[in-house]
Amino acid sequence: MREVLVLANPAMAAECGTTPGRLRRRDVLELFRPQEAMQVDRIAQAPRLRHRSRYQVSVRWEAPGGGERFGELTADPVSDTVEETPALLVLLRVLGAREPTARQPARVAPVEARILALPAGGATTARAAKETGLSTDGVTYHLRRLSARWDASNRTELVARAYALGVLTPGVWPPGA
């Protein structure tokens with residue numbers, strides 16, 4: 001099902017953290033995640049079968065400022081004739097919210113934090129080894145272990161995750177933990 005928004009009222013736009021004009025031509029399923037795929041399939045089939053019933057879908061979406069909200073989308077087919085595929089009038093009913101959890105910085109050993117800070121500052125593996133007193137294999141071992149723990153596919157992603165997880169402090173140069 002690919003249903004795009006033609007119009008949105010200010011209340012729905014506020015739920016998405018934007019203005020009504022910025023929602024135009026956005027896919028409804030990009031904004032709201034259905035809890036059950038079967039509900040969406042049923043709505044997608046209805047216009048093709050010329051069913052003109054009201055359908056409800058339980059959805060979740062990201063709230064402005066973090067956290068998650070949940071509610072129901074109600075889809076009503078609207079058109080002047082039975083022959084044309086109807087547009088859907090989609091209404092949102094907010095049922096509740098789950099507040100974001102406070103993120104604690106990831107815990108790493110002091111040597112791991114030091115090793116992370118060096119590549120973040122542009123150091124090679126050899127230079128990181130020299131500055132930490134480890135072998136190049138030892139530095140590589142720690143970087144690979146952290147990459148596996150944080151599911152990072154390369155060093156750039158590893159450093160980015162270190163910043164995102166609070167291990168490295170943004171806005172500080174040279175990087176340090």
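## Nonpolar surface patch

In this predicted model, a nonpolar patch on the surface is formed by Val 78, Leu 89 and Leu 91. Together these residues have about 240 Å² of accessible area. Leu 89 belongs to strand E4.

## Largest pocket

The largest pocket holds about 430 Å³ of space. Its lining comprises 19 residues, and those closest to the centre are Leu 5, Leu 7, Met 12, Leu 89 and Val 90.

Two or more lining residues are given by each of two elements, helix H1 (10-15) and strand E4 (87-98). Strand E4 contributes seven residues, the largest share of the lining. By residue class, the lining divides into 16 nonpolar, one polar and two charged residues.

## Salt bridges between elements

The model contains 10 salt bridges. One of them joins Glu 15 and Arg 69, whose closest N and O atoms are 2.6 Å apart. Glu 15 lies in helix H1 and Arg 69 in strand E3 (residues 68-78), so this pair ties together parts that are 54 residues apart in sequence. Glu 15 is buried, with a relative accessible area of 15%, whereas Arg 69 is partly exposed at 22%.

A salt bridge also forms between the side chains of Arg 93 and Glu 72, with an N to O distance of 3.9 Å. This pair links distant parts of the chain, as Arg 93 is in strand E4 and Glu 72 in strand E3, 21 residues apart. Arg 93 is partly exposed, having a relative accessible area of 49%. Glu 72 has a value of 18% and is buried, because the buried class covers values under 20%.

## Salt bridge within a helix, and a network

In helix H6 (residues 125-132), Glu 131 and Arg 127 are four residues apart, which means that about one helical turn separates them. Their side chains meet in a salt bridge at 2.9 Å, N to O. Glu 131 is partly exposed, with a relative accessible area of 37%, and Arg 127 is likewise partly exposed, at 43%.

Salt bridges also link Arg 33, Arg 60 and Glu 68 in a network.

Note on methods: Residues numbered from 1 in each chain as written. Predicted model: local features only at pLDDT ≥ 70, side-chain atom pairs only at ≥ 80, totals over all residues. Heavy atoms only, no water. 1 Å grid on protein atoms, 1.4 Å probe; cavity = no way out; pocket = protein on both sides within 12 Å on 5 of 7 lines; lining within 4 Å. Points joined across faces, edges and corners; volume = space filled by probe spheres on them. Nonpolar A, V, L, I, M, F, W, Y, C, P; charged D, E, K, R; others polar. Patch = residues over 30% accessible without salt bridge, like charges linked within 9 Å, V, L, I, M, F, W, Y side chains within 5 Å. Areas by Shrake-Rupley, 256 points an atom, 1.4 Å probe, with all protein chains shown as cover. Salt bridge = Lys/Arg side-chain N within 4 Å of Asp/Glu carboxyl O. Buried < 20%, exposed > 50% of the residue type's maximum accessible area, 1.4 Å probe, protein only.
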